[in-house]
Amino acid sequence: MKIGVLALQGAFIEHKKMLARIGAEPVEVRLPAHLEGLDGLIIPGGESTTIGKVAERWGLIEPLRGLARSGRPLWGTCAGMIFMAQTVLDGLPDQQMLGLMDVAIRRNAFGRQVDSFEADLAIPALGEPVFHAIFIRAPQVERVGAGVEVLAQLDDGTPVAVRQGNLLATAFHPELTEDERFHRYFMRM
Ligand code: GLN
């Protein structure tokens, strides 16, 4: 399977490594032409405002929406989650978004860089054992629409992994761990 990784900015190399490890063929996506023939796409963590700006400059916004509309799976981690959301409560006035997932997100809700944290999550879709999740200036999901399934949440109930049909988003970074289960879950999608 050929899986694209949006390679404009952020932690795309780590996703590529994990994909290769589980037997997929990772493809760096920088231009609309790179989307041809992909079976799915990952949007990495990084800085959502920068990813949006560069995506707009290279004419990727509509082609990325088209990929999602075609039913192929899209997965956003962290900044990728923000970029995929329909609503960003504290986005920049001109922040470019794909506007795909029926969720409302607050960027940097957990605080600044020093407030990054790790948590062990029970994720029924992945089974045992718990998943060690790394949060880096993570976005907070404040509302999920009726069609959105919550796959994982923090102890206080905050959703941190959500799925809406072919769309998947995680506030944390599975590509920064050795745990392949989230990438395998995405391959099954
Ligand atoms: N807070 C960042 C943003 O607004 C996301 C951080 C990350 O992707 N690790 O894009």
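This is a predicted model: local features need pLDDT of at least 70, side-chain atom pairs count only at pLDDT 80 or more; totals for chains, interfaces and linings use all residues.
Numbering runs from 1 along each chain as its sequence is written, and side-chain values use heavy atoms, with hydrogens and water left out.

**Stop one: β1.** Select residues 2–6, strand β1, where 4 of the 5 residues are buried (under 20% relative accessible area with a 1.4 Å probe, protein chains only; exposed is over 50%, partly exposed in between). Helices (H or I, at least four residues) and strands (E, at least two) are DSSP runs numbered from the N terminus. Now pick residues 40–43, strand β3, which runs parallel to β1 and is joined to β1 by 3 bridges; here G4 sits opposite L41.

**Stop two: the rings.** Show the aromatics: there are 8 pairs (Phe, Tyr or six-membered Trp ring centres within 6.5 Å; planes under 30 degrees apart are stacked, over 60 edge-to-face, the rest tilted). Zoom to F117 and F135, which are stacked because their centres are 4.5 Å apart and their planes at 10 degrees. F117 lies in β7 and F135 in β8, 18 residues apart. F117 is partly exposed at 26% relative accessibility, while F135 is buried at 1%.

Next, F131 and F172 make a tilted pair, 5.9 Å centre to centre with 50 degrees between planes. Both are buried.

Conventions
Two strands pair if DSSP finds at least two bridges between them.
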